[in-house]
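Let's take a friendly walk through a protein model together. Have a look at the fold below before reading on.

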Amino acid sequence: MEQRIGRSMDGPGDELQVFLRALTSNTRQRLLRHFTDGNELTVSEVAERSGLRPSTTSEHLAVLRRGRLLQSTQDGKLVRYRADKEGIALLLGELQTYLLTPPHHPQQDASRSESP
């Protein structure tokens with residue numbers, strides 16, 4: 001089974017870690033809820049709905065975009081955000097695989113190959 005997002009024995013791969021870090025903030029979790037119905041919203045629209053300053057909202061939306069929870073499109077100076085459903089589904093699948101796959105232990109493999 002090929003993994004598209006690498007992981008070490010110690011933790012999930014980089015892309016999955018960025019995804020998880022994006023979700024650690026209660027504020028970002030609340031902001032993400034504004035996109036659940038397929039809305040495309042600007043920073044100003046999200047700021048107005050959430051009661052946050054536009055600069056704070058913009059920072060949080062950028063983290064969500066880097067974490068593949070949101071996508072953005074730009075038209076001149078106007079940036080619109082929407083849920084990245086494919087990115088979320090992919091990374092949730094990777095998280096499930098990571099959490100449910102036993103870790104690989106090289107020393108166990110070596111001892112098995114030495115047995116008669």
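How many bridges join S2 to S3? There are six, and the two strands run antiparallel. Strands count as paired if DSSP finds at least two bridges between them.

This is a predicted model, where local features need pLDDT of at least 70, side-chain atom pairs count only at pLDDT 80 or more, and totals for chains, interfaces and linings use all residues. Residues are numbered from 1 along each chain as its sequence is written, and side-chain values use heavy atoms, with hydrogens and water left out.

The predictor's confidence in each residue is called pLDDT and goes from 0 to 100. The protein averages 86, and 80% of the residues score at least 70. Over residues 1–9 the pLDDT is below 50, and this stretch has 19 contacts in the model beyond near neighbours in sequence. A contact means heavy atoms within 4.5 Å.

**The strands**

Six helices and three strands make up the secondary structure. These are DSSP runs numbered from the N terminus: helices (H or I) have at least four residues and strands (E) at least two. Along the sequence, the pattern reads α-α-β-α-α-β-β-α-α. Strand S1 (residues 41–42) also runs antiparallel to S3, joined by two bridges. Here are two pairs of residues that face each other:

| Residue | Opposite residue in S3 |
|---|---|
| Leucine 41 | Tyrosine 81 |
| Leucine 70 | Alanine 83 |

The hairpin of S2 and S3 has two residues between the strands, and its glycine 76 takes a positive phi near 65°.

Helix H4 covers residues 54–66, and its end C-alpha atoms are 18 Å apart. That agrees with expectation, because 13 residues at 1.5 Å a residue should span 18 Å; the expected span is 1.5 Å times one less than the number of residues. After H4 comes arginine 68, whose phi is positive, near 65°.

A nonpolar core is a set of buried Ala, Val, Leu, Ile, Met, Phe, Trp, Tyr and Cys residues joined through side-chain atoms within 4.5 Å. The largest one has 18 residues, and Leu61, Leu64 and Tyr81 are among those with the most contacts inside it. Tyrosine 81 is in contact with residues including Phe35, Leu61 and Leu70, leaving aside its neighbours within four places in sequence.

Definitions and conventions:
Buried means under 20% relative accessible area, exposed over 50%, partly exposed in between (1.4 Å probe, protein chains only).
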